[in-house]
Amino acid sequence: MAVIKPVVLRSVNRALRNLGGEKSPVIAGHKLLYRCNLECKMCPFWRREDEELLQLADEVRIMESLARAGVSFLGFEGGEPLLRRDVGEILREAHARFHTSLVTNGWLLEHRLGEIAPHLDLLFVSLDGIGETHDRLRGIPRSYERAVRGIRSSRSEVPTFISHTVTRDNLDHAEKIVELAEQLDIGVTVQIAYDYQTADPMSPQRGRLRPTIERLRDLRKSGAPLMESVDYFDAILNSWYEGKGWRCKPWLTINIDPSGRIVLPCYVLQEYQGQLPVWDVDIRKLWNSFDWAPYESCNKCALACYLEPSLFRWTDFSSLRDRVFDAAFHYMERTPRRSSRPESSRLIQIETPAA
Ligand SMILES: C[S@@+](CC[C@H](N)C(=O)[O-])C[C@H]1O[C@@H](n2cnc3c(N)ncnc32)[C@H](O)[C@@H]1O
Ligand code: SF4
Ligand code: SF4
C-alpha cells in the first residue's frame with residue numbers, strides 16, 4: 001500500500017511559495033560516491049577521485065536540508081551506489097522522508113536487493129544495448145548478464161525500469177531495449193549521451209539520432225512502457241532539429257555531490273560548486289539569488305530529470321494526461337506486490353568485477 005509521507009504537506013507548501021514567485025527544488029539527485037566497478041566510455045564520474053565519503057549522520061543532515069527546502073523526490077546515483085556498504089541504511093532514512101529512487105549498473109543488484117528494495121519507490125538498472133554492445137560500452141565483460149540477472153530478481157520486489165543511454169554506438173539498440181523491457185514486463189527510461197569533456201565523446205551525431213528519437217516517440221504514443229512523455233521527445237526534436245527551444249528550469253532539480261555540496265546550475269554544467277555542505281547553506285536564499293537566466297535557453301542536454309520537470313504545466317491538459325494519468329497507470333500496472341522477504345545482512349564492503 002502506498003505510504004503517505006510528509007511530502008504531501010511539503011508539496012502544498014512549496015506550490016504556495018512558487019505561486020508567490022519563489023523558486024525551489026522539487027527533485028534532488030545525490031551522488032553517493034564517484035567510484036565505480038565499471039568503466040563506461042561516455043561516463044566522466046568513475047574517472048573522478050572520491051574525497052572521504054560521508055557518514056550516515058551526514059547523509060541524514062543532507063536529507064533534512066532537502067526536506068526543509070521542499071524536495072519531494074530523492075534519487076540516488078553515483079558512481080555505483082551499490083558499492084556503498086551503508087546504502088540500505090541511507091535508503092531507509094531517505095524513504096521515511098521522500099519518494100526514493102536509485103540507479104545502478106546492476107552488477108551487485110542480485111546480492112544487495114534485500115537491503116535496498118524495501119526503501120525504494122523506483123529502481124533503475126542501466127542497459128545500453130543487448131549483450132556484447134552493452135559490455136563494450138560499459139568496458140567490462142559480463143556486465144549485461146549481471147544486469148539482466150539483477151533485473152530478473154528485482155522486478156518482483158520493486159518497480160524496476162531499464163535506464164537506457166543512447167550513444168553513437170548503440171543507436172540501433174533503443175527499440176530492442178524497449179522490446180526487452182516489454183518481455184521482462186518492466187519500464188524503460190531513455191537519455192541521450194551528453195559529451196562531457198572528461199569522457200569519451202559518445203553523443204550521437206544529430207542527423208543519425210533523429211530517426212531513433214522519432215521512433216521512440218511513436219512507440220511511447222502506441223503505449224510502449226517508456227517513462228518519458230511524448231512531449232519530452234517532441235521537445236528534443238523541436239529544439240535540436242527545428243530551432244524551437246524549450247525553457248530549461250534547472251532550479252527544479254537540486255544536485256548534491258558525494259561530499260554533500262550543491263552543484264549548480266545542473267550536474268551537467270557544474271559551473272558552481274559551493275564550498276559548504278548543503279546543511280550549512282540556506283537553499284531558499286541561494287535559489288532565489290542565483291542568476292538562472294543564462295541557463296533557461298541552454299537546451300544542451302536532454303536529461304529527463306531536467307527536461308521533464310521543465311516541461312510540466314498543471315494548466316496544460318496534455319501535459320497532465322501524459323505525465324500524471326498515463327504515467328500513474330503504467331506505474332500501478334507494473335508495481336509488483338512486494339514479497340515479505342526479510343532484509344539480508346549487509347553482505348559486502350566493496351566488490352569489484354574481478355572479485
Ligand atoms: C552516471 S550513472 C550512475 C549510476 C550507475 N553507475 C549506472 O550506471 O546506472 C547514471 C546514468 O547516467 C548515464 N550516463 C553515463 N554517462 C552519461 C552521459 N555522458 N550522458 C548521459 N547519461 C550518461 C548512465 O548510463 C546511467 O544510466
Ligand atoms: S556504471 Fe554508471 S557510474 Fe559506472 S562508469 Fe558506467 S555510467 Fe559511470
Ligand atoms: S539544458 Fe543546459 S542548463 Fe538545462 S539541465 Fe541541461 S545542461 Fe543544464
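**Exercise 1.** What should the 16 residues of helix 8 (residues 206-221) span, and how far apart are its end C-alpha atoms?

*Solution.* The structure is a predicted model. The expected span is 1.5 Å times one less than the number of residues. For the 16 residues of helix 8 this gives 22 Å, which agrees with the 22 Å that separates the end C-alpha atoms.

**Exercise 2.** Determine which residues of helix 8 are buried, and how they are arranged around the axis.

*Solution.* The buried residues of helix 8 are L209, T212, I213, L216, R217 and R220. They lie on the same side of helix 8, because the arc they cover around the axis is only 140°. In general, an α-helix has 3.6 residues a turn, so residues three or four places apart point the same way. The face turned away from the buried side carries the exposed residues G207, R208, P211, D218 and K221. Among the elements that cover the buried residues of helix 8 are strand 5 (160-166), helix 7 (174-184), strand 6 (187-192) and helix 9 (230-241).

**Exercise 3.** Describe how strand 7 (residues 253-256) is paired and oriented.

*Solution.* With strand 1 (residues 27-31), strand 7 pairs in the parallel sense over 4 bridges; here I256 is the bridge partner of H30. With strand 8 (residues 261-264), the pairing is antiparallel over 2 bridges, and I262 is the bridge partner of I256. T253 and N255 point one way from strand 7, I254 and I256 point the other way, and all are buried.

Notes. Residues numbered from 1 in each chain as written. Chains lettered and ligands numbered in written order. Predicted model: local features only at pLDDT ≥ 70, side-chain atom pairs only at ≥ 80, totals over all residues. Buried ≥ 20, exposed ≤ 12 C-beta atoms within 10 Å, placed from the backbone. Pairing = 2+ DSSP bridges. Arc of directions from axis to C-beta. Contact = placed C-beta atoms within 7 Å.
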